[in-house]
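Subject: Structure handover

Hello,

Please find the structure below. My notes on it come after.

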Amino acid sequence: MTSGISRRARVLAAAVGTGVLVPLVAAATPAAAAPPAVTCTSAKAGLAAKLKKDITAALATRKGTVAVGLYDRSTNTTCTLRASSAYDSASVVKVTVLATLLWDAKKTNRYLTDRENTLAKAMITKSDNAATSTLWKQLGMTKIKNFLKAAGMTQTTPGANGYWGLTQITVTDEQKLLKLLTAKNAVLSDNSRAYIVKLMGQVVSSQRWGTPYGVPSGVSVAVKNGWLQRSTNGWRVHSVGAFKGGGHDYVMTVLSHGNSTMNYGIATIQAVAKVLHKDLAAS
């Protein structure tokens, strides 16, 4: 007896029986989107195309999610990959902490105290976490956010509840900060810039991996790295650097997560850094 079943129900029942719903299941799992492409521009003929090709090749077989930023003042060259993707900062944020400290001290026309100098040196050259926590707490969220605003680092969100290593950073903002450190500007005094770059040039040898890899001889190096393992996205491994010499003046950021080990992330960063240094040196 079927008179009690609506026509719509009979149609649905028939559809299920004939497998009409199968295509809907397939549609729910679309093919993965193509990964974003490297973008490069340059005033130097042929350099942008060479960099794009070589960065792409360096990352072709690497697992994880990698973001890249390059800016060379000498050739007005810029390269980006995932420039606005957010990453947990790990210790890379320590450069921002020191910049905030110096920016705030300048506002009240004072020098850093001996204690602050000691903490700053440990924070940058040895990546000392306790020193960082002390300065982060001393500064407070308001001053940190005010510095980010002054620096135009609108894509950076400070980590909450004292977790400075979970600050959200992007290639775009890290490159903005590196540019502030390496050219005259209204945000950081010349003395402040020189002090930060000096400490980044004194990082202990065991932490000088990453962006300096493959740097030509005679080129100065300032670097700060970060590494952090979490239950999601594996290892975050990052490196920011500033380089000058050989006719070039450039800054570089490589951020990554989804690395199986810290060393795997380092190898990925160094594969990128090697081609960037090589291509610029040859230009």
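The notes cover the sheet and then the helix packing.

This is a predicted model, in which local features need pLDDT of at least 70, side-chain atom pairs count only at pLDDT 80 or more, and totals for chains, interfaces and linings use all residues. Residues are numbered from 1 along each chain as its sequence is written, and side-chain values use heavy atoms, with hydrogens and water left out.

Sheet

Six strands form an open sheet in the order β1-β3-β2-β8-β7-β6, with antiparallel pairing. Strands (E, at least two residues) and helices (H or I, at least four) are DSSP runs numbered from the N terminus, and two strands pair if DSSP finds at least two bridges between them. β1 (39–41) and β6 are the edge strands; each has a single partner strand, so one side of each is left without a neighbour in the sheet. From one strand to the next the twist averages 5°. Axes here are lines fitted to C-alpha atoms, for helices over the stretch in contact, and angles run from 0 to 180 degrees between N-to-C directions.

β6 (residues 220–229) pairs with β7 (residues 235–245) in the antiparallel sense over 10 bridges. S220 stands opposite K244 in β7. The hairpin of β6 and β7 has five residues between the strands, and N233 takes a positive phi near 60° there. β7 also pairs with β8 (residues 248–257), again antiparallel, over seven bridges; A242 has V251 of β8 as its bridge partner.

Helices

α7 lies across β2 (65–72), β7 and β8, and runs at about 150° to β8. α7 (residues 171–182) also packs against α8 (residues 190–200) at an angle of about 110°, with the axes 8 Å apart. That makes α7 roughly perpendicular to α8 (65 to 115 degrees; under 35 is roughly parallel, over 145 roughly antiparallel, and the rest oblique). The contact (heavy atoms within 4.5 Å) is made by L178, L180, L181 and T182 of α7 with R193, I196, V197 and M200 of α8. By class, this contact of α7 with α8 has six nonpolar, one polar and one charged residues. Nonpolar means Ala, Val, Leu, Ile, Met, Phe, Trp, Tyr, Cys and Pro; charged means Asp, Glu, Lys and Arg; the others, Gly among them, are polar.

α5 (residues 114–125) and α6 (residues 129–151) pack at about 130°, with their axes 8 Å apart, and are therefore oblique to each other. Residues in that contact include L119 and M123 of α5 and L135 of α6.

Regards
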